[in-house]
Amino acid sequence: MIGRWLHWKMLDGISDQQLAEVTEDDLIEFFKSVLCYSQSSVNKIYQLLGAVFLKAINKNIIEINPLRNIRRPKSKQKKSP
């Protein structure tokens with residue numbers, strides 16, 4: 001499960017799923033839910049998930065990275081002047 005490696009409140013939407021069950025569609029929906037956070041937080045989440053999926057590939061838990069076709073999302077949070 002993703003939650004094994006990640007115990008971060010921002011990842012509640014996907015942390016219950018088995019790594020092999022996470023799809024590109026799951027990640028797209030998940031990223032829609034974190035767009036309210038700052039761009040730096042969104043970037044960190046994206047990088048962290050990328051590292052988790054890479055590790056899972058290296059350990060033969062999954063064959064394909066479901067994040068591979070998803071661009072780094074842009075936050076919808078307004079920058080303060």
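This note goes through the predicted model point by point, from overall make-up to individual residues.

1. Basis. The model is predicted, and local features need pLDDT of at least 70, side-chain atom pairs count only at pLDDT 80 or more, and totals for chains, interfaces and linings use all residues. Residues are numbered from 1 along each chain as its sequence is written, and side-chain values use heavy atoms, with hydrogens and water left out.

2. Confidence. The mean pLDDT (the predictor's confidence in each residue, from 0 to 100) is 84 for the protein, and 81% of its residues reach 70 or more. Among the elements, helix α1, residues 2-5, has the lowest mean pLDDT, 49, while α3 has the highest, 93.

3. Make-up. The protein has three helices and zero strands, in the order α-α-α along the sequence. Helices (H or I, at least four residues) and strands (E, at least two) are DSSP runs, numbered from the N terminus. Of the 81 residues, 36% count as buried; buried means under 20% relative accessible area, exposed over 50%, and partly exposed in between, with a 1.4 Å probe and protein chains only. Among contacts (heavy atoms within 4.5 Å) between residues at least 6 apart in sequence, 60% join residues at least 24 apart.

4. Nonpolar core. A nonpolar core is a set of buried Ala, Val, Leu, Ile, Met, Phe, Trp, Tyr and Cys residues joined through side-chain atoms within 4.5 Å. The largest one here has 16 residues, and those with the most contacts inside it are L27, F30, F31, L49, F53 and L67. Helices α2 (24-34) and α3 (39-58) each supply at least two residues of this core, with α3 giving the most, six residues. In soluble globular proteins, nonpolar side chains tend to be buried together.

5. Helix α2. Its buried residues are L27, F30, F31 and V34. Seen down the axis of α2, these buried residues fall within an arc of 100° (taken from the directions from the helix axis to the C-beta atoms), so they line one face of the helix. They pack against α3, whereas D25 and K32 are exposed on the other side of α2.

6. F30 lies in helix α2 and counts as buried because its relative accessibility is 4%. F30 and I14 are 16 residues apart in sequence, with their C-alpha atoms 6.9 Å apart in space. Leaving aside neighbours within four places in sequence, F31 is in contact with I45, Y46, L49, L67, I70 and P73.

7. Salt bridge. A search of the whole structure finds one salt bridge, defined as a side-chain nitrogen of Lys or Arg within 4 Å of a carboxyl oxygen of Asp or Glu. E29 forms it with K32, the closest N and O atoms being 3.1 Å apart. The two are about one helical turn apart because they stand three residues apart in helix α2. E29 is partly exposed, with a relative accessible area of 48%, and K32 is exposed, with 53%.

8. S75. This residue is in the segment after α3 and counts as buried because its relative accessibility is 18%. Its side chain reaches the backbone oxygen of Y37 at 2.4 Å and the backbone nitrogen of Q77 at 3.0 Å. Not counting residues up to four places away in sequence, S75 touches L35, Y37, S38, Q39 and V42.

Methods. Polar contact = N/O pair within 3.5 Å; in protein donor to acceptor, adjacent residues only side chain to side chain.
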